[in-house]
Amino acid sequence: MDTKAIVKSVPLFSSLDDSEIQIIERYCAHKELFRQEKLFSFDESFNLLCIVTSGSIGIYSNGAQNRLIARYIPNESFGELNLCGISLGNVEAIALDDAGVLLFPATGTFVSFVTDHTDIGAKIIYKLLSNISYRIRETNKLISQNYGWVSELRKAIYTDRLTGLYNRQYCEELFRENKEYVIAIVKPDKFKMINDTCGHKAGDATLVAIAQSIRKALPFATHIRYRSDEFMIVIAGDADIKKTAAAIAEAIKAIDIHAITDGAINAITASIGISKNSVTQQAIENTYAIMWSAYNNGGNSIAMEGTK
């Protein structure tokens, strides 16, 4: 059995390099099951990730009919929630035929593994949260047409309360689209001075004004409050990158900051980083770095990918 290949096939470990996979292998153990043998029973504490290597495993609910609710075949895995210590006490796992299962972590607990291997643990936890979020989103898609409260829940999860824009979590939705976009990240210059001079109420009003202004200037874009005073605008890849950047800059300058700050500040400008790419975490980080190059060079400027 090629344990390394099996481990690498598991989505939870897909971001690990070969040396990290080798460490995962050391914490795995293989278990053989006869047909109808239980891997775990109802209400049994079972905090392991299970990777099916042969045969198949059935998951049964603890209802009146003891119903089969899921079936896993070779190279499929289950038990991510078990790793987190979330007990699924109303189900049991049974081999539907002679089967093999790779268990992780077979020694110690997942908490002790993360303590001993923090870098690997961080990657696994990030992937784990992404997988769980993805499953929640997929479930929402299935029922959203029938239940109005789902759209309200989605709105609450993905909306920034202050500005009404999407929040940073919404980036996860864009990661899955695999389309080219123009990505812009915007940071108002000297925003701290507005907070320090005029108070946080004026600072919040400024952020709301920025949100409203960029949304009005680019109504067909996706607008995200990315971090505290930083915004991300994502627009279709066929948009003109220079015109998009110019529209954002003009929208910021058009804000009546004089009124918001009771005359203390007469003008507001921004540093803008902009690129064209599919929306990935790396693309966002690259655009973020481009924005910071503009900010650190005095602000009130636009920095584009591939330029200095």
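Q: Why is Ser130 called buried?
A: In this predicted model, Ser130 has a relative accessibility of 11%, and since buried means under 20% relative accessible area, Ser130 counts as buried. The residue is found in helix α5, which covers residues 118–143, and, leaving aside residues up to four places away in sequence, Ser130 touches Glu172 and Arg176.

Q: How do you know whether Thr163 is buried or exposed?
A: The relative accessibility of Thr163 is 6%, which falls under the 20% limit for a buried residue, so Thr163 counts as buried. Thr163 lies in the loop between α6 (148–158) and β9 (166–167), and, not counting residues up to four places away in sequence, Thr163 touches Leu207, Val208, Ala211, Arg215, Arg225 and Phe231.

Q: What makes the pairing of the side chains of Thr163 and Asp160 a polar contact?
A: A polar contact needs a pair of N or O atoms within 3.5 Å, one able to donate a hydrogen and the other to accept it, and the side chains of Thr163 and Asp160 make such a contact at 2.7 Å.

Q: Why are α9 and α10 called oblique to each other?
A: Helix α9 (residues 200–217) and helix α10 (residues 241–253) pack at an angle of about 140°, with their axes 9 Å apart. Roughly antiparallel requires an angle over 145 degrees, and roughly perpendicular covers 65 to 115, so α9 and α10 are oblique to each other. The crossing in which α9 passes α10 is right-handed; on the α9 side the contact is made by Ile210, Ser213, Ile214 and Ala217, and on the α10 side by Ala247, Ile248, Ala251 and Ile252.

Q: Which residues of α8 and α9 meet, and what is the make-up of their contact by class?
A: The axes of helix α8 (residues 191–198) and α9 come within 6 Å and cross at roughly 140°. Phe191, Ile194, Asn195 and Cys198 of α8 meet His200, Ala202, Gly203, Thr206 and Leu207 of α9, and, with Gly placed among the polar types, the contact has five nonpolar, four polar and no charged residues.

Q: Why does Lys190 count as exposed?
A: Exposed means over 50% relative accessible area, and Lys190, at 58% relative accessibility, therefore counts as exposed. Lys190 is found in the loop between β10 (180–188) and α8, where this residue has a positive phi of about 55° although it is not a glycine.

Q: What makes Asp262 exposed?
A: The relative accessible area of Asp262 is 75%, and with the limit for exposed set at over 50%, Asp262 is therefore exposed. Asp262 is found in the loop between α11 (257–260) and β13 (270–278), and its phi, near 55°, is a positive value in a residue other than glycine.

Technical notes:
Residues are numbered from 1 along each chain as its sequence is written. This is a predicted model: local features need pLDDT of at least 70, side-chain atom pairs count only at pLDDT 80 or more; totals for chains, interfaces and linings use all residues. Side-chain values use heavy atoms; hydrogens and water are left out. Axes are lines fitted to C-alpha atoms, for helices over the stretch in contact, and angles run from 0 to 180 degrees between N-to-C directions. Helices (H or I, at least four residues) and strands (E, at least two) are DSSP runs, numbered from the N terminus. Angles under 35 degrees count as roughly parallel, over 145 as roughly antiparallel, 65 to 115 as roughly perpendicular and the rest as oblique. A crossing is left-handed if the near helix is turned anticlockwise from the far one by less than a right angle, and right-handed if clockwise. Contact means heavy atoms within 4.5 Å. Buried means under 20% relative accessible area, exposed over 50%, partly exposed in between (1.4 Å probe, protein chains only).
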